[in-house]
Amino acid sequence: WDGLMTSFKLFGIALAGGIFFGTLLAMARLSSWRALSVPAAGFVNLIRAIPFIMAIFWFYFLTPMVVS
């Protein structure tokens, strides 16, 4: 039961953060200011180019190094 509740808490945090930062990134990409739209488009293209399994591995192995 504790594990399920922890998973729900992490899901809620990830959902809220994803909506917040995703909305900011989308607004930056749609901006008419090139100083905002070009870096935002570059970031999106970089993230889309990384295979998802690689991002999972990085998160799994690097998070303990950063936390400790």
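This report covers the loop, the surface patch and the aromatic pairs of a predicted model.

## Basis

In this predicted model, local features need pLDDT of at least 70, side-chain atom pairs count only at pLDDT 80 or more, and totals for chains, interfaces and linings use all residues. Residues are numbered from 1 along each chain as its sequence is written, and side-chain values use heavy atoms, with hydrogens and water left out.

## The loop at Ser-32

Ser-32 sits in the loop between helix H1 (2-29) and helix H2 (34-49); helices are DSSP runs (H or I) of at least four residues, numbered from the N terminus. Ser-32 has a relative accessible area of 70%, so it is exposed. Exposed means over 50%, buried under 20%, and partly exposed in between (1.4 Å probe, protein chains only).

Met-54 belongs to helix H3 (residues 52-67). Its relative accessibility is 36%, so Met-54 is partly exposed.

Met-54 is one of the residues of a nonpolar surface patch of about 1,200 Å², which also includes Trp-58 and Leu-62. Such a patch joins nonpolar side chains (Val, Leu, Ile, Met, Phe, Trp, Tyr) within 5 Å, from residues with over 30% relative accessible area and no salt bridge. A salt bridge is a Lys or Arg side-chain nitrogen within 4 Å of an Asp or Glu carboxyl oxygen.

## Aromatic pairs

Rings of Phe, Tyr and Trp (its six-membered ring) pair if their centres lie within 6.5 Å; planes under 30 degrees apart are stacked, over 60 edge-to-face, and the rest tilted. There are 3 aromatic pairs. Phe-20 and Phe-21 have ring centres 5.1 Å apart and planes at 75 degrees, so they are edge-to-face. Tyr-60 and Phe-61 are also edge-to-face, at 5.0 Å and 85 degrees.

Ring pairs join Phe-57, Tyr-60 and Phe-61 into a cluster.

How values were computed:
Patch = residues over 30% accessible without salt bridge, like charges linked within 9 Å, V, L, I, M, F, W, Y side chains within 5 Å. Areas by Shrake-Rupley, 256 points an atom, 1.4 Å probe, with all protein chains shown as cover. Helix = DSSP H or I, 4+ residues; strand = E, 2+ residues; numbered from the N terminus.
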